[in-house]
Each structure stands twice: as C-alpha cells, then as structure tokens.
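Look at the sequence and structure before reading on.

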Number of protein chains: 2
Amino acid sequence: MSTKPTNTSTDKAAYLAARDEFIAQWGALGSAWGINRTMAQIHALLMISPQPLSTDDIMEDLQISRGNAHTNLRELTGWGLIRSVIRKGERKEYFEAEKDVWKIFCIVTRERKRREIRPAIGVLKDCIERTETLRDPDAAVFTKQTRALLEFVEMADSILSKIARSEQSKVVPWALKWFK
Amino acid sequence: MSTKPTNTSTDKAAYLAARDEFIAQWGALGSAWGINRTMAQIHALLMISPQPLSTDDIMEDLQISRGNAHTNLRELTGWGLIRSVIRKGERKEYFEAEKDVWKIFCIVTRERKRREIRPAIGVLKDCIERTETLRDPDAAVFTKQTRALLEFVEMADSILSKIARSEQSKVVPWALKWFK
DNA sequence: ATGAACTTTCACTAAATACTGAAAATTCAA
DNA sequence: TTGAATTTTCAGTATTTAGTGAAAGTTCAT
C-alpha cells in the first residue's frame, strides 16, 4: 500500500487550477450557445462556491470591472439562476446560485422558451397567415415549409414545457428506463 | 360572399415581404443561439427556395459579398445542412438545403453534441478526476457539483443521441402521446 | 439630516466577430 | 493547352458586442 502525500497547499493549488479550468470552459460553452461569456463564468463561479459571494469577491476572482460584474449579476438574476442574499447588519449584497442541476435546466428551458421559442412561433404563424391564401407557387412552397417548421417547433415547445414542469424524481428514472 | 382580388403582382409582393421577414428572423434566432447571422439567413433562404441557388443568387438576394457567401456556404456544408448540386454542362455550383424538419433537427443535434456537448463532458470528467481525491473541503463541494453536472449532461446526451437516431415516424406519435 | 457604504448608470474604449473585395488558385469546355 | 469561368483565400475594414471606470444615485446606521 503506497502512502499518498496530502499536502494541504498542494491540494488547494490543484483545486484552484481545476476550478479555473471549469470556469473558463463554462464561459466558452456559454459563448457557443449565445450567452455572454462573463455571465456564464459568474454563474459557474457561484455554482461551485460554498458561500454566497459579493460583487467585490466576483470582481476580484474573475478580474473584471464593477460595471461588468454588476450588469451580469443583474442579468443572471433576471434569468432566475442566482438570487441575492443579505446578511443582517451588513449593507453589502451577496449572491448565491441555484445549485440543483434539474432546477437549473428547468429555469434555462423556461427562459429560452420565453425569450426565443415563443417569438419564433409568432413569426412562423405570421408568415403562414400572410401567405397561405396567395396564389403564387413559390409562396405555396414557402407556406408549406414554414408550416412544417411551426409544427415541429410547437411540438418541441410543448414537450419541453411538460418536462420542465415535472419533478426530477419523475422524469429521470423514466428517462433512464427509456434511453439508457 | 365577398370576392377577393387575386392580383398576381400583389401576391408576389406579399410573399416576398413575408419571406424577407422569415429570413431576417431566422437570422436573429440563429444569433441568439450562437450561430452566425448570415449562416442562418442563407440556411433560411435555401430551406424555402424551390430550386437550388448559386453563390451569386445568394449574394444578390441577401446583399452580401462573395467571400461572406462562400464562407457561410462552406460552413453550412460542414454541418451537413446543405449540399451542393452540379448541373450537367455547367461549371457553377448550386446549393440546396435539407428540407425535412426532422432531419434538420437530427443534424443540428448531432453537430452540437459533437462540437459542444462532448467537449463539455470531457472538461467535467477532467475536473472531477483532478479533484476527487483532494482533502480540501472547497474541493469537495466543487467535485460534488461538477459530478452532478456531468451526470445530467451525460443523461441529456444519451437521450438526444437516441432520439436523433430514431425515425420521425416512431418518435413523433410517441411524443404526441406522452406530451400533448 | 448626514455621509460613508454600496449600487447603478453610461459615455467611452477594447475586443471579438463578421464582412468585403480583390487577387490568387483552380477547374474544365473548347 | 488555353483561358474564361468559377472558387477560394485573406489582409484589411466595418460592425457588433462586451467591458471599463468614474460619476451619479441610493440607502441606511448614526
């Protein structure tokens, strides 16, 4: 049996390196999905933070300006992904993230539905309405394709709604049974 | 009963207006999801075009430069969302889009899995591996949270894989039964 | 009521991303 | 094989998006 050295400061350094990697990559992932990098990084930081953090903590940790930190903290609050907590006898505002992965999923789903899917459905409906009675043959092709898109997006929307309204304890075992 | 005037040129104008709206909004939607606006617009244009279009057609329609059109046509080809068709006796390359909405969904799912979800899984695994044996209590919180994320992302990934491998004719009736 | 602590705003700057257009490379009909 | 047609590249530019920091605004313990 080999003895493993457990130097505390080495551990801390290894942890901090992994943590930085995680924050950086979470930011990059956000970028790829149309979410501001800093917003995603702050979210990552708060998700893994054992305690709530203040704006100053976040500014220091991520090396960003007050304005930037502030804007993105508000944005995350708007999404419902973080909430502010106040400590008694302190003026400063602290922030903590929702940590339950299922809840995070539900929040993101709900918000993207509201912000992007619903408007898209509106546009598709509008396009169909404006062209379905036209005699032009190109218009007919257009209407057909937008109808197919609408049908699909509406189905996806209703599936997501139903899933995001469910309890994780109901969905996950079911999903594992069907998809594992 | 009112008679509806069916002036052909009015119809054409109404169609073109709806079509432009669709292209513009599809572009905006792409942007919100981290896809280059022009790429999404070209995709929209080809999805609703009755015939394959050449680079020049697209340049003119969307009022973009050759370089821009070219780059984004290649990118779309890389995703597998469009393919080039050559007409016999002609040098020019034409492009047509996959129009089947289910197939489009499968392609986008497969590509985003490959480009973003798989790397994310890699990062999470790496973070867990590097921290799971550390004694630091913050590291323990970190490992726990990244594990929860990994578990969730892997489940989502396998569900998407399974769905995207299925036939629409199998999935849609099933989905409607469960989620409508 | 005061003013220190803290939050918010916003004009300006920086960085990232997308686009242009012309030149170089390639292709293929004649 | 030639050269006109077409595709590809890419250095330079434009546009969009994100970030800064200082000043203005707000809040609350005293």
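Over the ring of which residue does the charged end of Arg87(A) sit? The ring is that of Tyr94(A), and the charged end lies 3.9 Å from its centre. The model is a predicted one. A charge over a ring also occurs with residues of two chains: Arg112(A) lies over the face of Trp33(B). The table gives both cases.

| Charged residue | Ring | Distance to ring centre |
|---|---|---|
| Arg87(A) | Tyr94(A) | 3.9 Å |
| Arg112(A) | Trp33(B) | 4.0 Å |

Rings also pair with each other. The count over all chains is 14 aromatic pairs. One of them joins Trp102(A) and Phe105(A); this pair is tilted, with 5.4 Å from centre to centre and 40 degrees between the planes. Both residues belong to helix α5 (residues 101-131) of chain A, where they are 3 residues apart, about one turn of the helix. Trp102(A) counts as buried because its relative accessible area, 6%, is under 20%. Phe105(A), at 23% relative accessibility, is partly exposed. Elsewhere, ring pairs link Tyr15(A), Phe22(A) and Trp26(A) with Phe142(B) in a cluster.

The last topic is the interface. In chain A, 57 residues are in contact with 58 residues of chain B. The area buried between the chains is about 5600 Å², and carbon and sulfur atoms give 74% of this area. There are 4 salt bridges between chain B and chain A. Asp138(A) forms a salt bridge with Lys12(B), with 3.5 Å between the closest N and O atoms. On the side of chain B that touches chain A, the helices that each supply at least two residues include α1 (8-32) and α6 (137-165).

How values were computed
Residues are numbered from 1 along each chain as its sequence is written. Chains are lettered from A and ligands numbered from 1 in the order in which they are written. This is a predicted model: local features need pLDDT of at least 70, side-chain atom pairs count only at pLDDT 80 or more; totals for chains, interfaces and linings use all residues. Side-chain values use heavy atoms; hydrogens and water are left out. Rings of Phe, Tyr and Trp (its six-membered ring) pair if their centres lie within 6.5 Å; planes under 30 degrees apart count as stacked, over 60 as edge-to-face and the rest as tilted. Helices (H or I, at least four residues) and strands (E, at least two) are DSSP runs, numbered from the N terminus. Buried means under 20% relative accessible area, exposed over 50%, partly exposed in between (1.4 Å probe, protein chains only). A charge sits over a ring if NZ of Lys or CZ of Arg is within 6 Å of the ring centre and within 35 degrees of the ring normal. Contact means heavy atoms within 4.5 Å. Buried area is the accessible area (1.4 Å probe) that two parts lose on being put together, summed over both. A salt bridge is a side-chain nitrogen of Lys or Arg within 4 Å of a carboxyl oxygen of Asp or Glu.
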